[in-house]
Amino acid sequence: MKSKIIFSGFLMAFALIACDKNEPEVVEESLYKESGYLVASINETTAGNSYYAGHLDALTGSTPVDMTTKSTYNFFYSNAKWKNFMFGRSLKGENFLTKIAVDKAGKLIEVASFPTLGVLNSVKIINDNLAIYTDFGNSNFVGMFNPTTMENLGVIDMSKAKKIAENDRNFYINATYRKQDNKLFLYLVTDSDKTSQYYDATDIFVEVVNMNTKQWEKTITYKGANDPTARGGENSVIDENGNIYIFTQGTYGLDGSLGPQAPKYSRPQILKIPANGTDFDANYSFNPVNVLGQTNLLVQLMLGAIYDSNGIAYSCISAQSESPRIFELVGKFAQGIITEAEFFELRSSIFYSPTQRWVKLDLNAKTVTPIADIPLTAGFGYPVAYKYDGKFYMQYNTPSDKTSGFYEYTPSTGKATKVVSITNGGIATDLLKLEK
Amino acid sequence: MKIPIIFLLIISSACFGQQVNLEGRVISDKNTIIPFATISLKNTKIATVTNEQGKFELKDIPFGEYTIEASSVGYKTQAKRIAVNASQTPIEIILLDASQELAEVSVTAEKTSKVQEQRAIAIKSIEIKDVIAQNTLLTDIADRISGVRIRRSSSLGEKSDISINGMRGNAIRVYIDGLPMEFMYPNFDISTLPLSNIKRMDVFKGVLPVDVGTDAMGGAINIITEQKAHSHLRASYSLGSFNTHLADFEVGLANKKNLFLNVNVAHNYSDNDYKMKAFVFEKNKIETVRRFHDKYKMTFGGISMGVHSKKWADELRLAANISSGIKELQNGARISSTSIGEANYQAYNYSVNLKYEKSFFNEKLKINNIANYSFQALDYVDTTANVYSWSGKVVGKNVKGEYLGESNYTTYYNNKINRTTLSYLIAKNHKLLFSNLIANQKLTGQDYLKDKDERDYLTIPQFLTKNIVGIQYDGNLTSKITFSTAAKRYDYVLNGAENNTFELIKKKDNFWSWNTGFKYSFTDNIFARISYEKGYLIPFFEQFVGNGADIVRNTELIPENSDNLNLGLSLSQVVSNDLKISTNINAFWREQYNIIFLGSGVVKRYDNADQVNTLGFEGDLVLNFKKAFTWRSNITALRKRFSALKDPRNAFLVGSIFPNNPTFFGNTELDWQKNGLLNTADKFRVYAFYQFVAPFNHILIGQDDNFKNNADAFVPIQNRLDVGTSYRFAKQNLTAAFNINNILNAELFDNFLVPRAGINFNLKLIFEINKF
């Protein structure tokens with residue numbers, strides 16, 4: 001025992017010497033990249049989808065990026081980014097919520113993960129220690145986790161939330177966190193397998209959760225709108241004051257709701273939940289596509305959104321008249337004589353043609369200004385946008401010149417320039433700035 | 001059962017002409033007796049084997065002229081013309097040592113199989129009786145052939161994906177006696193066929209003769225069933241790991257009127273509960289788990305009866321089969337973070353088959369007709385919302401349907417097929433072959449999830465009719481040159497229903513293709529051959545008309561097609577009295593066009609898309625030492641790459657390696673045989689088998705990706721070692737075999753990284769009496 005005490009004293013003395021404040025402070029180097037950009041793309045072939053991802057030290061401007069020189073993965077899509085980490089499904093495409101980083105060699109690496117019952121749908125990071133996630137198939141599911149430790153923090157009880165029982169899926173496709181009152185707003189998507197791929201309701205339902213108590217609080221409903229959020233990185237935005245703007249996409253027309261006579265609920269709308277309140281502003285509804293003058297479009301789409309400041313936001317919306325061929329096909333559709341091949345052509349033209357455009361939206365004045373420097377884009381696939389250092393990075397996809405990538409938009413000048421241009425590797429899906 | 005017995009009694013009472021017993025013996029050129037030599041009368045079903053004294057007897061042979069053939073391992077096959085009459089005397093047949101016929105030592109190259117492999121087109125042919133003690137499944141046998149890989153897990157009953165020289169999936173067809181299996185047993189797999197009923201397996205590597213092929217695009221496997229017409233009894237039972245039981249029994253009765261009746265039953269069962277590494281949801285880590293929802297059961301029964309060696313028929317056979325099976329599902333194409341715990345399917349099938357064979361004009365003209373009708377019902381149930389961990393526990397709920405979404409339906413297939421084949425010997429060494437196959441399939445069904453007021457797409461009958469006719473010339477142009485060429489015409493009519501309107505639609509088309517083969521024999525032991533075929537693959541129901549749900553129709557689809565070119569060299573050489581060597585080296589080139597592809601857009605339909613090129617070579621080597629040791633090895637190397645892409649944006653992928661295809665693999669086997677260990681005619685065999693598969697990508701990879709820097713994109717190196725032994729107790733007519741597979745318990749995978757079983761064993765007993 002005596003020898004142990006002596007030995008302990010020796011160790012303590014050694015430790016004190018070692019902690020001499022005159023020694024230079026050791027900064028632990030991160031295992032992962034904390035600067036530069038992660039660029040990702042996807043392409044589809046008879047051999048399945050390929051997901052390319054690679055690290056760029058700096059944006060490449062007009063110099064083409066060959067993604068095939070980067071690594072491929074079974075799957076990559078980032079649902080959320082926090083500092084230099086990304087959160088999404090596993091790199092094998094399996095049902096995990098995975099924290100992903102870029103290693104020093106520039107390759108994606110899974111840092112930690114935990115399994116999910118269904119396909120991960122959305123992730124919302126609230127702070128260093130709390131985030132929520134939803135999944136695609138698990139009815140009304142909202143889970144919590146710690147984004148730093150990846151500890152699974154359990155679920156929020158949504159048993160009293162809105163659920164349309166006759167539909168096969170009721171899930172939250174996205175969420176908005178309002179720090180002013182520590183509340184979470186979750187947007188319900190309801191879908192039936194008995195219909196085609198579209199929202200099976202004509203109202204919008206938003207669940208309000210009190211994050212102080214982690215308890216469901218209420219369901220609010222907006223009548224006459226549907227598909228609250230779909231596609232893009234952010235589909236609802238929140239301003240400096242806590243006003244929430246919900247971007248409804250507009251239906252695909254698969255239910256036959258086509259053209260200017262289509263019900264209002266099937267057309268895009270921006271709706272508002274005012275700051276300090278948890279109910280819709282019944283008087284606020286703003287259809288940017290109509291404001292842009294495209295009221296006669298068969299299908300109006302509003303794809304993705306991102307907020308700037310002072311009521312200014314950006315979105316990718318339908319911005320070009322459809323071709324005579326499309327009207328011819330719609331005529332056949334209306335008469336019930338369209339063949340499936342023609343129906344396929346019709347839908348492909350609507351969804352996968354470069355007919356959308358990034359626009360600047362004034363959410364207060366309800367005005368729309370096209371960003372002229374960014375060409376028309378086939379935005380249906382990945383209409384993502386990011387805000388880094390006061391500038392905006394908007395995805396483009398132009399099949400005519402086989403390129404896809406990102407434009408950098410500077411709000412102060414209203415100018416946009418191409419900063420990433422992918423030639424080989426399919427369609428750009430992510431441009432993530434890595435930060436400490 | 002009454003009807004067949006009455007039928008048998010009636011035809012048994014008939015009497016046809018005079019008959020005599022034919023006796024003889026078989027000896028070697030060194031005047032030693034040759035026991036267990038096979039004796040047969042060509043173009044009849046009359047056959048027997050010699051006893052331990054080398055003697056044989058063929059009973060009740062109708063008077064007439066025959067060609068009697070004798071064969072035995074290690075000796076040249078001999079045939080001689082004989083006249084059978086009232087003053088019949090014993091026949092003596094002398095077999096010459098096969099010093100010039102090295103390939104006889106190969107267990108995979110004997111008799112008909114050897115003849116097949118000598119053709120101008122690339123074929124590998126295997127006599128099942130030579131390998132049955134070592135294998136339990138047809139797919140295991142095929143997987144050991146150069147250029148062939150079978151993608152399946154170790155789960156008995158699971159569907160197999162056959163790859164021949166880089167072509168796989170629907171491009172490869174399976175036939176049973178020349179009839180397409182997808183028309184006979186639409187949902188049964190080649191691995192589920194009981195081995196005991198199979199005589200031979202021919203693997204066509206690229207080019208198909210007209211009497212086998214349909215719309216196979218890159219090769220095929222033709223399974224030739226055992227059709228004995230003499231009294232025999234055979235029973236086998238195999239007990240294996242994972243509670244696997246394979247049992248079959250067959251009895252055949254024949255009388256002196258050349259009537260025969262065969263009855264066979266088979267039963268396969270397995271828990272398939274082998275251990276593998278998988279993610280355990282509730283523990284959030286990968287552990288070794290035991291598969292828990294993968295049971296398979298199949299019962300098969302068949303009866304065949306007929307008559308052979310009559311003036312009006314060389315053979316007339318009527319067969320009826322009935323089978324049923326159930327299979328639980330444990331995983332999809334890949335292993336995911338959760339397993340499947342409740343989805344399963346059951347299938348029921350019955351079929352009748354009528355076969356007629358007759359030769360005319362002293363065997364110059366031969367006619368063969370096979371007609372088959374089959375019915376199959378398949379119940380597929382996948383309705384649970386439970387989510388199963390790989391531990392077997394329910395860990396939560398999700399959207400209903402574990403595999404492809406909530407499903408509960410039955411599909412019914414009614415299939416009618418007829419193949420007529422005529423061969424005519426124009427002159428010595430010049431033969432014309434004509435074959436016509438017509439096949440009709442009717443698909444209906446019922447979706448039990450539909451509401452009463454909903455129209456059920458499955459209830460609409462849909463029909464696919466194919467007619468494939470071909471004519472082929474085979475000839476020996478000189479003593480050194482063998483030539484074969486064929487032309488085929490494909491016609492098909494599809495009557496389906498449109499997704500949106502449920503209106504009936506019709507698609508009708510036809511096209512031509514051709515193939516040719518050329519063989520040059522440098523010496524008796526060395527030959528080279530080259531062959532080519534333009535192959536086609538007619539789209540399926542769903543590809544044309546959609547699935548009544550999220551896949552819409554595309555009747556503009558055109559058949560996938562391919563160019564298949566094969567170049568080979570074969571050598572067999574006797575190095576010394578003790579050492580014999582044979583080898584085959586083949587190079588192959590495949591170009592697949594208009595590959596049918598299902599996209600993943602908002603609206604899905606099948607489209608003709610990309611073009612893929614495969615280039616590779618394969619080779620095998622067989623060494624035999626002192627007729628006791630045999631060493632067989634083969635190796636295959638190939639590259640399968642995109643050569644053109646429909647979407648211009650994907651043009652950069654030209655040259656990229658196509659995923660899920662092993663690119664370098666091979667195996668080697670050493671066996672030792674000893675005859676007369678306990679008794680004169682006993683046979684003892686022991687072997688070790690090693691298989692190697694190099695890493696290959698299971699997803700599309702970038703230029704800089706390789707196994708070292710992106711291991712997740714690759715199926716890792718696989719090393720498999722099997723050992724086994726068998727002993728034939730000749731007096732007891734019993735063969736016992738014991739095999740240990742993957743004895744090193746190595747990690748093995750299928751082409752999509754699904755783990756295969758670790759170390760496992762099987763014990764097999766085969767009791768067989770060939771004549772009584």
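Predicted model: local features only at pLDDT ≥ 70, side-chain atom pairs only at ≥ 80, totals over all residues.
Let me begin with overall dimensions: a compact globule of 772 residues would have a radius of gyration near 28 Å, and chain B, at 27 Å, agrees with that. Staying with chain B for a moment, its C-alpha trace spans about 80 × 55 × 50 Å along the principal axes, and 45% of its 772 residues count as buried. If we take the contacts in chain B between residues at least 6 apart in sequence, 62% of them join residues at least 24 apart. As for secondary structure, chain B holds six helices and 46 strands.

Before the details, a word on confidence, chain by chain. Chain B averages a pLDDT of 86, with 93% of the residues scoring at least 70. Residues 1-17 of chain B have a pLDDT below 50, and that stretch makes 18 contacts in the model beyond near neighbours in sequence. Residues 99-110 of chain B are also below 50, and here the corresponding number is 33 contacts. Chain A averages a pLDDT of 87, and 92% of its residues score at least 70. Within chain A, the lowest confidence is found in helix 1 (residues 2-18), with a mean of 47, while the highest is in strand 11 (residues 143-145), at 98. Over residues 1-8 of chain A the pLDDT is below 50, and beyond near neighbours in sequence this stretch has zero contacts in the model; residues 10-21 of chain A are likewise below 50 and likewise have zero such contacts.

Now to the strands of chain B. Strand 23 (residues 344-360) and strand 24 (residues 365-382) of chain B pair in the antiparallel sense over 17 bridges, and one of the residue pairs to look at is B:Lys355, whose bridge partner in strand 24 of chain B is B:Ile370. The hairpin formed by strand 23 and strand 24 of chain B has four residues between the strands, and in this hairpin B:Phe361 takes a positive phi near 50°. Strand 24 of chain B also pairs with strand 27 (residues 407-427) of chain B, again in the antiparallel sense, over 18 bridges, and there B:Ile367 stands opposite B:Leu422 in strand 27 of chain B.

Elsewhere in chain B there is an open sheet of three strands, in the order 9-10-11, with antiparallel pairing. Which strands stand at its edges? They are strand 9 (148-151) and strand 11 (167-168) of chain B, and because each has a single partner strand, one side of each is left without a neighbour in the sheet. Strand 9 of chain B is joined to strand 10 (residues 161-164) of chain B by four bridges, the two running antiparallel, and B:Ile150 has B:Ile162 in strand 10 of chain B as its bridge partner.

Turning to the nonpolar cores, the largest has 120 residues, and those with the most contacts inside it are A:Leu186, A:Ala313, A:Tyr314, A:Met394 and A:Val420. Strand 14 (residues 183-191) of chain A contributes the largest share of this core, namely six residues. A second, separate core has 81 residues, including B:Tyr175, B:Leu464, B:Ala497 and B:Leu653. Going back to A:Tyr314, and leaving aside its neighbours within four places in sequence, its contacts include A:Ala305, A:Ile306, A:Trp358, A:Leu361, A:Phe392 and A:Met394, and among them are also A:Asp308 and A:Lys360.

Is A:Leu346 buried or exposed? A:Leu346 counts as buried because there are 25 C-beta neighbours inside 10 Å, where the threshold is 20 or more. Not counting residues up to four places away in sequence, A:Leu346 touches A:Ile326, A:Leu329, A:Val330 and A:Phe333. By contrast, the C-alpha atoms of A:Leu346 and A:Tyr409, 63 residues apart along the chain, are separated by 33 Å.

Finally, the interface between the chains. How many residues of chain B are in contact with chain A? There are 45 of them, and they are in contact with 40 residues of chain A. Sorted by class, the side of chain B that touches chain A has 20 nonpolar, 15 polar and ten charged residues.

How values were computed: Residues numbered from 1 in each chain as written. Chains lettered and ligands numbered in written order. Contact = placed C-beta atoms within 7 Å. Nonpolar A, V, L, I, M, F, W, Y, C, P; charged D, E, K, R; others polar. Core = buried A, V, L, I, M, F, W, Y, C linked by C-beta atoms within 7 Å. Buried ≥ 20, exposed ≤ 12 C-beta atoms within 10 Å, placed from the backbone. Pairing = 2+ DSSP bridges. pLDDT = per-residue confidence, 0-100. Rg over C-alpha atoms; globule rule 2.2 N^0.38 Å.
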